[in-house]
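Here is a quick walk through the model below, starting where the chains meet and then moving inside one of them.

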There are 2 protein chains.
Amino acid sequence: MQFDKYILQKIDEELKNYVNKDDKLYNASKHLLFAGGKRIRPYLTVVTYMLKKDDIEKVLPAAVAVELIHNYTLIHDDIMDNDDERRGKPTVHKVYGEPIAILAGDLLYAKAFEAVSKINNEKKSYEVLKILSKACVDVCEGQAMDMEFENYFPSMEEYLEMIRKKTGALLEAAVEIGAVMGDCNEEERKALKEYAKRIGLTFQIQDDILDLIGDKKKIGKPVGSDIREGKKTIIVIHALKTLDEDNKKKLLNVLGNKNISDEEIKEIIEILKPSIDYAKNLMKQKTEEAKNYLKIFDKDRRKVLEDLADFIIERIY
Amino acid sequence: MQFDKYILQKIDEELKNYVNKDDKLYNASKHLLFAGGKRIRPYLTVVTYMLKKDDIEKVLPAAVAVELIHNYTLIHDDIMDNDDERRGKPTVHKVYGEPIAILAGDLLYAKAFEAVSKINNEKKSYEVLKILSKACVDVCEGQAMDMEFENYFPSMEEYLEMIRKKTGALLEAAVEIGAVMGDCNEEERKALKEYAKRIGLTFQIQDDILDLIGDKKKIGKPVGSDIREGKKTIIVIHALKTLDEDNKKKLLNVLGNKNISDEEIKEIIEILKPSIDYAKNLMKQKTEEAKNYLKIFDKDRRKVLEDLADFIIERIY
């Protein structure tokens, strides 16, 4: 699928309204915001809204609120994880230093809620505020869980809870906010919530898969980074449950070892193959479920959301 | 003056509702929040509300939203400034490490807007959201200005703009939010805004003065910390404009010198005396102005706000 260029342009124009100053703080805030992100979240908000409405101007403040939150979390996460690069570019704290990077994240956070306050309908603004602030709490809790996982091997249930919060919460919020802005009724909102839950899950799984079998240039980081950093992805957790003792030992030996060679990574990916297949099958199943929940909507109007569900598990970056 | 214990207790009870989990992230978020802050901001919101209303339950979510924002900024500021202590206790990042401290601030930020979404009136919630998100932007911009001041000597105008944003914005928001929650009319809101602007200014000036002539134990940090850190306070800026060349040189020599002795600090404070007097006079004048703006309110009801204006410039911590 191709993202609608008109919608993407509208989103970027609206985003610029919130960061139109030209000093160190604002430049730091814009560094990642305009570094070529996919805009999946605000796009989800807009196309969910378009299930029932056509005038997209009205949904833009709500859509960019979600994107601003997403970008604040990336800036702060990169500091916490001490990552040097994102999307193939140096991270904000590498360019501007940690203090300004913390503050740039804080500024985008404020701008997100300023965007919510620009929604031209008190009742809808109030609803969006509820959804977005709750999602922000979840994202923090999910990030804390992820950091805790560095110290032990989580169960599959714990892993799923973590990604539901860390990655899923904001994707769900993007869809829910689109539904609120589009005047969806209770039944429609419920169906969209189920849809969103599933694509939130598949989004993270595809990220985990791309880390192992993606193209270094497209994903903007070396293949196997998660292995070197010892990340407990769904693939690793599944492998540790299913591998024989010999292969399990091999996996545990390289997990979190920053000095392993590309050759060793290749061998590990071979060992992980059944778990990658497991993850791919899970994604396919969840994508079908997600699309089924859309059946209550108009066939033509729901197509973009169906395509998006497919895109998420087929994307190569 | 004495803060009303019942109001303070109500504020603390409401705050606890937002952080009632017991894991590392939440404990880090509570570390500073319950470390003996004065609660001036939520108290301002409540007593402004009480100019016209009596049922304080309704204003509590709005009041704690302001306090939660205040605490997030303190946690992040302490990381940016690399401060080890606040209120005589180790800072959050010293106890929990930087990653969790960043995240604890982010969580309180989210909880603040969650609190706004708990205001039981859509229209008021919307108004509060506008005021609070705008204040959050100002606070970030003010903090960035303050950090820039490390590299040059700001003019008095620049200094005043910085503290209006960094310190004043949230104190002003506290009062404005109280006015919105209390159904103040346009005229009343305008008067309260003028009141708040002035106490925002005097609050920061008194902080600057206490750093020089306060009691180490009460202010929770060594006397003259601002001098050692090279902070350009209103007192320093005034002194640099008014001192003779000899004393100006002495001041510039110690400013930002972390190794100066207590004796040298004493000598500098002596030199700064006329500028401290200037700052004190300015505070007195602004406090009178602030109180004059309250004259349109009922005599008995406005007394707490009058007393608060006095308290701010008389407080010893």
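Let's start with the polar side of the contact: chain B and chain A share 14 residue pairs in polar contact, counting pairs with both residues at pLDDT 80 or more. Keep in mind that this is a predicted model. On chain B, the elements that put two or more residues into the side touching chain A are helix H2 (24-33), helix H4 (60-80), helix H6 (98-117) and helix H7 (122-148). H7(B) gives the most, with 16 residues. Sort the residues on that side of chain B by type and you get 22 nonpolar, six polar and 13 charged.

Charged pairs show up across the interface too, with six salt bridges between chain B and chain A. One of them links B:Lys21 to A:Glu141, with the closest N and O atoms 3.0 Å apart.

Here are the interface totals in one place:

| Interface item | Value |
|---|---|
| Residues from chain B | 41 residues |
| Residues from chain A | 41 residues |
| Area buried between chain B and chain A | about 3,400 Å² |
| Part of that area from carbon and sulfur atoms | 68% |

How are the two copies related? Chain B superposes on chain A by a rotation of 180 degrees, with 0.0 Å of shift along the axis and an RMSD of 0.0 Å. That is the relation of a two-fold axis. Since 100% of the interface residues of chain B are also interface residues in chain A, the copies meet through the same surface.

Now for the inside of chain A. Is helix H3 (residues 40-49) mostly covered or mostly open? Mostly covered: 10 of its 10 residues are buried. The run goes from A:Ile40 to A:Tyr49, and the buried residues include the charged A:Arg41 as well as A:Pro42, A:Thr45 and A:Thr48. The cover over H3(A) includes helix H1 (5-18), helix H4 (60-80), helix H8 (156-181), helix H9 (186-213) and helix H16 (299-314) of chain A.

Helix H9 of chain A is also where you find A:Asp208. This aspartate counts as buried because its relative accessible area is 5%, and the cut-off for buried is under 20%. Which residues does A:Asp208 touch, leaving out those up to four places away in sequence? They are A:Tyr159, A:Asp226, A:Thr233, A:Ile234 and A:Ile235. With A:Tyr159 there is also a polar contact of 2.5 Å between the two side chains.

Technical notes: Residues numbered from 1 in each chain as written. Chains lettered and ligands numbered in written order. Predicted model: local features only at pLDDT ≥ 70, side-chain atom pairs only at ≥ 80, totals over all residues. Heavy atoms only, no water. Least-squares fit on C-alpha atoms with pLDDT ≥ 70 in both. Contact = heavy atoms within 4.5 Å. Buried < 20%, exposed > 50% of the residue type's maximum accessible area, 1.4 Å probe, protein only. Helix = DSSP H or I, 4+ residues; strand = E, 2+ residues; numbered from the N terminus. Buried area = accessible area lost by both parts, 1.4 Å probe. Salt bridge = Lys/Arg side-chain N within 4 Å of Asp/Glu carboxyl O. Polar contact = N/O pair within 3.5 Å; in protein donor to acceptor, adjacent residues only side chain to side chain.
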